[in-house]
Amino acid sequence: MIRTSLRLLTPNFPSPPPLLGGARRQNAFVLLSSSNRSALLSPTRRFESTEAARLHEDENDDQELDFPGGRVPFTSEMKFITESTEKRVSCYRILHENGETITPTNFKQLSKDVMMKMYKDMITLETMDTIFFEAQRQGRISFYLTSAGEEAVTIASAAALHSDDVVLAQYREPGVLLWRGFGLQEFADQVFGNRSDYGKGRQMPIHYGSNLLNYFTISSPIGTQLPHAVGVAYSLKIDRKDACAVTYFGDGSTSEGDFHAALNFAAVLGAPVVFICRNNGWAISTAIQEQFRSDGVVVKGQAYGVRSIRIDGNDALAVYTATRRAREMAVAEQMPVLIEALTYRVGHHSTSDDSTKYRGVDEIEYWKTKRSPMYRFARWLRNNGWLSEEDESMHRSTVKKQLLQAIQKAEKAEKAPVSALFSDVYDHIPSNLHEQEQVLRQTMKRYPQDYPSDVPL
């Protein structure tokens, strides 16, 4: 079912109380000590209730159980909560596949400049993916992973955020960095792991990061960024920052314990964090129907007391509108929000994967052509008179030329020295690491054929 009105699944508890002395509502916290800003913060209760485990008799004891967390009504009917609803949660969208706007809609028109930047960044990301993928196939880089088919999820959501919002991504979100100003040379330096790479060549390709752009460095293990994002959000809350944490992840991450712990912590602490799930149908070779029996991911938020919404992840306008609203709620009400974006991974999981071994070529081609997020958005831009084929062709040509130049420079650049393997962890490197470094240097000199010749000793 497609929905055009922006409506979120709400957790089953009343609205939070207003912050004492302030104009902003939050279900958040009460400062225990005004003399210490870092004092422990305590979340308020979701339900009106008496003190935990208080035992007493009153006239309502036959109708309700006064239980820690809130009063629970009694019933004589034995009724189990069903494992699923009769109808699936509907999906919010704004654009038809042909680029026409669905009416009515609550989408607020943005400027031509913002919309064109969104589309141009999608083109840049698509071009980047194509060329870096080919570079890996040529043996010039060790690994790569594309965002093909999911360009709208990352770039449109990034456009709806503020620069102060802290992003903790998975690995298919370079579009967020692109939107925030990460340059083609910076991307190239990272995938080639040279001296200019901010990670000094210690990470796999596509594990980007930027302190300047509030983008945490990618970590390979699935789902670890989710509880980290809650911690970041809680820190922003303690410091009363007008910002939130935003974390991206795939449907496969929801099978990890970190996902469930993160949602529970976020709800209990009232952390201003936006969870954005790219449900692209496949966790590498595992289809979503083999992962869970629930109605996707959106219903999991409500189970933990997190406001949630399902959106069309291939509709750039829907992604932007829902993310902007989610961010507003997270910051103003100091609460977590979960977005499930339905999209599709058109490319292989990575350069280590051949997706045609576990899914049909016809299925891939259908999503690549009939449901392309870029095609739909481009049609809408052309309908508005903002995009011409000449402009698009010129941008593609320019980006390709700039990226090839960046690759040539990154490939020729000197690698980070061996000493970089041991720095940036301790203020003063301990003796055991000094010893390990010396042993490594001696081994590299003794067996030079077993080590890269372009890594300075």
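The legends below describe an overview and several close-up views of a predicted protein model.

**Conventions.** Because the model is predicted, local features need pLDDT of at least 70 and side-chain atom pairs count only at pLDDT 80 or more, while totals for chains, interfaces and linings use all residues. Residues are numbered from 1 along each chain as its sequence is written, and side-chain values use heavy atoms, with hydrogens and water left out.

**Figure 1. Overview of the protein chain.** The protein chain has 12 helices and 13 strands. Helices (H or I, at least four residues) and strands (E, at least two) are DSSP runs, numbered from the N terminus. Of the 457 residues, 49% are buried. Buried means under 20% relative accessible area, exposed means over 50%, and partly exposed lies in between (1.4 Å probe, protein chains only). The chain exposes about 23300 Å², with carbon and sulfur atoms supplying 52% of it. These areas come from the Shrake-Rupley method with a 1.4 Å probe; for residues, only the protein chains shown count as cover. Among contacts with a separation of 6 or more, 72% join residues 24 or more positions apart. A contact means heavy atoms within 4.5 Å.

**Figure 2. Helix H1 crosses helix H10.** Two packed helices are described by the angle between their axes and the distance between the axes. Here H1 (residues 112-137) and H10 (residues 373-383) have axes that come within 11 Å and cross at roughly 145 degrees. Axes are lines fitted to C-alpha atoms, for helices over the stretch in contact, and angles run from 0 to 180 degrees between N-to-C directions. The crossing is left-handed: the near helix is turned anticlockwise from the far one by less than a right angle. H1 contributes Met115, Met116, Met118, Tyr119, Met122, Ile123 and Glu126. H10 contributes Met374, Phe377, Ala378, Trp380 and Leu381. The residues of this contact divide into 11 nonpolar, no polar and one charged. Ala, Val, Leu, Ile, Met, Phe, Trp, Tyr, Cys and Pro count as nonpolar, Asp, Glu, Lys and Arg as charged, and the others, Gly among them, as polar.

Figure 3. Side chains of opposite charge can pair when their charged atoms come close. The structure holds 25 salt bridges, each a side-chain nitrogen of Lys or Arg within 4 Å of a carboxyl oxygen of Asp or Glu. In the pair shown, the closest N and O atoms of Glu411 and Arg140 are 2.7 Å apart. The pair links distant parts of the chain, 271 residues apart. Glu411 sits in helix H11 (residues 389-412), and Arg140 in the loop between H1 and helix H2 (151-160). Glu411 is partly exposed at 36% relative accessibility. Arg140 is also partly exposed, at 36%.

**Figure 4. Salt bridge between Glu414 and Arg195.** The side chains meet at 2.9 Å, N to O. This pair also links distant parts of the chain, 219 residues apart. Glu414 lies in the loop between H11 and helix H12 (431-446). Arg195 lies in the loop between helix H4 (184-192) and helix H5 (225-238). Glu414 is partly exposed, with a relative accessible area of 46%. Arg195 is partly exposed at 43%.

Figure 5. Glu328 and Arg325 form a salt bridge at 3.4 Å, N to O. Both lie in H8 (residues 316-333), three residues apart, about one turn of the helix. Glu328 is partly exposed at 38%, and Arg325 at 35%. Salt bridges that share partners also join Arg93, Glu97, Asp312, Arg371 and Arg376 into one network.

Figure 6. Asp121 belongs to helix H1. Asp121 is buried, with a relative accessible area of 9%. Leaving out residues up to four places away in sequence, Asp121 touches Ile155, Leu178 and Trp179. Tyr144 is found in the loop between H1 and H2. Tyr144 is buried, at 0% relative accessibility. With the sequence exclusion of up to four places, the residues touching Tyr144 include Met128, Phe132, Val191, Ile206, Tyr208 and Thr351. Phe133 is another of them; Tyr144 and Phe133 are 11 residues apart in sequence and 6.0 Å apart, C-alpha to C-alpha.

**Figure 7. Positive phi at Lys200 and Asn214.** Lys200 has phi near 55 degrees, a positive value in a residue other than glycine. Asn214 also has phi near 55 degrees. Lys200 is partly exposed at 32%, and Asn214 at 26%.
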